[in-house]
Amino acid sequence: MTRAVGPRGGLGMVGVILGLVVGMGVILLVMGLWKRFAREVVPALMDLPGGAWAVGGGLGVVTVLGVAGWLRCASGLSDRARLARGLQAVGTAVCCAAAFGPFFLLLSGLPGRNCRSESCAYIPGTGSAFLAYVLSAGLVGWSVHRWTSTRAAERAAVERERVRRLRKKGKGKSRAARQG
């Protein structure tokens, strides 16, 4: 049994194609604006006190804080009010931008691979800033991971000790074990 495609089916396909074209145009526009923004901002960042190393280290810490906030915001409950869910989504988006933005900002300062124009040239100091970024994000991320995993292990040990004390008193058994 085949179904004839009416005018509504054709309009739906046109709508999907138009949506894809407009969406691709918006994505390319945003990427181009981001590249232009980064090419204007990165030289100013490299001239800050402390130089490229301080900028890279600071951006690495911003990335770690963004990831931590992103994980905290994304693990929220979904049974909240509509406004609270909306604010949580905005918070997640801001933390996601803080997590990925510094990386792409520094990446935009590196030279383009197949671009010979002046707009793709290497911005002095970007390589060392990128190295400082990777080192600081790695070290701070590792230390945050160690700290949170240690806290989780301590909480688990306290809970195990609490359950052990309850079982010692005979209160930690299941109903079937107490009745049987």
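**The whole chain**

Start with everything shown as a cartoon. The model is predicted. The protein chain has 5 helices and 0 strands. Read along the sequence, its pattern is α-α-α-α-α. Now colour by accessibility. Of the 180 residues in the protein chain, 19% are buried. Next, turn to contacts. Among those in the protein chain with a separation of 6 or more, 70% join residues 24 or more positions apart.

**Helix 2**

Select residues 51-74, which form helix 2. Check the length from end to end. The end C-alpha atoms are 34 Å apart, and this agrees with the 34 Å that 24 residues should span at 1.5 Å a residue. Show side chains and look for the buried positions. In helix 2 these are G51, A52, V55, G56, G57, L59, G60, T63, V64, G66 and G69.

**Helix 4**

Now select residues 126-169, helix 4. This helix has 44 residues. From its first C-alpha to its last it reaches 64 Å, close to the 64 Å expected at 1.5 Å a residue. Its buried residues are T126, A129, F130, A132, Y133, S136 and A137. Step just past the end of helix 4 to G170, where phi is positive, at about 90 degrees.

**Where helices 2 and 4 meet**

Show both helices together. How do their axes cross? They come within 7 Å and cross at roughly 35 degrees. The crossing of helix 2 and helix 4 is right-handed. Now pick out the residues in contact. On the helix 2 side, select A52, W53, G56, G57, L59, G60, V61, T63 and V64. On the helix 4 side, select S128, A129, L131, A132, Y133, S136, A137, V140, G141 and V144. Colour the contact of helix 2 with helix 4 by class: it has 12 nonpolar, 7 polar and no charged residues.

Some of these contact residues are also buried. A52, G56, G57, L59, G60, T63 and V64 are among them in helix 2. A129, A132, Y133, S136 and A137 are among them in helix 4.

Go back to helix 2 and select C73, which lies in it. Is C73 buried or partly exposed? At 23% relative accessibility, C73 counts as partly exposed. Then select what it touches. Beyond its neighbours within four places in sequence, C73 is in contact with Q88, G91, T92 and C95. Draw a distance from C73 to Q88. The two are 15 residues apart in sequence, and their C-alpha atoms are 6.3 Å apart in space.

Move on to C95, one of the contacts of C73. C95 is buried because its relative accessibility is 16%, under the 20% cut-off. Finish by looking for disulfides: the structure holds 0. C96 is in none, and the nearest cysteine sulfur, that of C95, is 8.8 Å away.

How values were computed: Residues numbered from 1 in each chain as written. Predicted model: local features only at pLDDT ≥ 70, side-chain atom pairs only at ≥ 80, totals over all residues. Heavy atoms only, no water. Axes fitted to C-alpha atoms, helices over the stretch in contact; angles between N-to-C directions. Helix = DSSP H or I, 4+ residues; strand = E, 2+ residues; numbered from the N terminus. Left-handed = near helix turned anticlockwise from the far one by under 90°. Contact = heavy atoms within 4.5 Å. Nonpolar A, V, L, I, M, F, W, Y, C, P; charged D, E, K, R; others polar. Disulfide = S-S within 2.5 Å. Buried < 20%, exposed > 50% of the residue type's maximum accessible area, 1.4 Å probe, protein only. Expected span 1.5 Å × (residues − 1).
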